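Hi,

Here is the structure I promised to pass on.

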Amino acid sequence: MDDNGYLYVSDWFQKEVRRWDIEVKNKSVRVAGGNGGGNHPGQFRTPRLIYVDKDYSVYVVDESNHRVMKWIKNATEGIVVAGGNDKGDKLTQLSNPSGVTVDDLGNVYVTDTNNHRVMRWINGAKEGSIVVGGNGPGNETNQLFLPYDLLFDKEGNLYVSDSVNHRIQKFLIESN
């Protein structure tokens, strides 16, 4: 939800994200995608979790395209802000990402699910850095096993849902 109370929902079948006015029954508008399935800037293959920033830009995890797209308010196409360079484990790649959040500096954090890590893309960067995990799947404190989602609290702590380990891990992430 955004600070105006609108609810954002990703629709795998329609390959789009819609913003719903919860005060008005059955009223929604498309805010991202909706141009069929694919990997062009106006398309998604598998839209997943969403983050909406204070400017109402919508960040969408496009799982099967191994990328995160940013859709500025009223845009007809998105911008790749993380991944988008095929599936892989290089710092320019993601492997079936699922969750996304953005810090106050515009840095994008992504649960890189099949690489068992959380990646950070500094605002405008072409490659990310590993901030949590990346040490193979496992249950040690420096490991994740298929992380799913993430969020920051007001103090700047990062919480990561570590699905196979059935735990939520808390990390302090220093901004660059």
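Below is what turned up on aromatic rings and nonpolar cores.

This is a predicted model, where local features need pLDDT of at least 70, side-chain atom pairs count only at pLDDT 80 or more, and totals for chains, interfaces and linings use all residues. Residues are numbered from 1 along each chain as its sequence is written, and side-chain values use heavy atoms, with hydrogens and water left out.

Searching the whole structure gives three aromatic pairs (Phe, Tyr or Trp rings, the six-membered one for Trp, with centres within 6.5 Å; planes under 30 degrees apart are stacked, over 60 edge-to-face, the rest tilted). One of them is F44 with W71, a tilted pair at 5.6 Å centre to centre and 45° between the planes. F44 lies in the loop between β3 and β4, while W71 is in strand β6, 27 residues apart (strands are DSSP runs of E, at least two residues, numbered from the N terminus). Both F44 and W71 are buried (buried is under 20% relative accessible area, exposed over 50%, partly exposed in between, with a 1.4 Å probe and protein chains only).

Y109 and F152 make an edge-to-face pair, because their centres are 4.9 Å apart and their planes at 80°. Y109 is buried at 1% relative accessible area, but F152 is partly exposed at 23%.

Now the cores (buried Ala, Val, Leu, Ile, Met, Phe, Trp, Tyr and Cys joined through side-chain atoms within 4.5 Å). The largest nonpolar core has 12 residues, including Y59, L94 and W121. A second, separate core of 10 residues includes V17 and W71.

Cheers

Note on methods. Helices (H or I, at least four residues) and strands (E, at least two) are DSSP runs, numbered from the N terminus.
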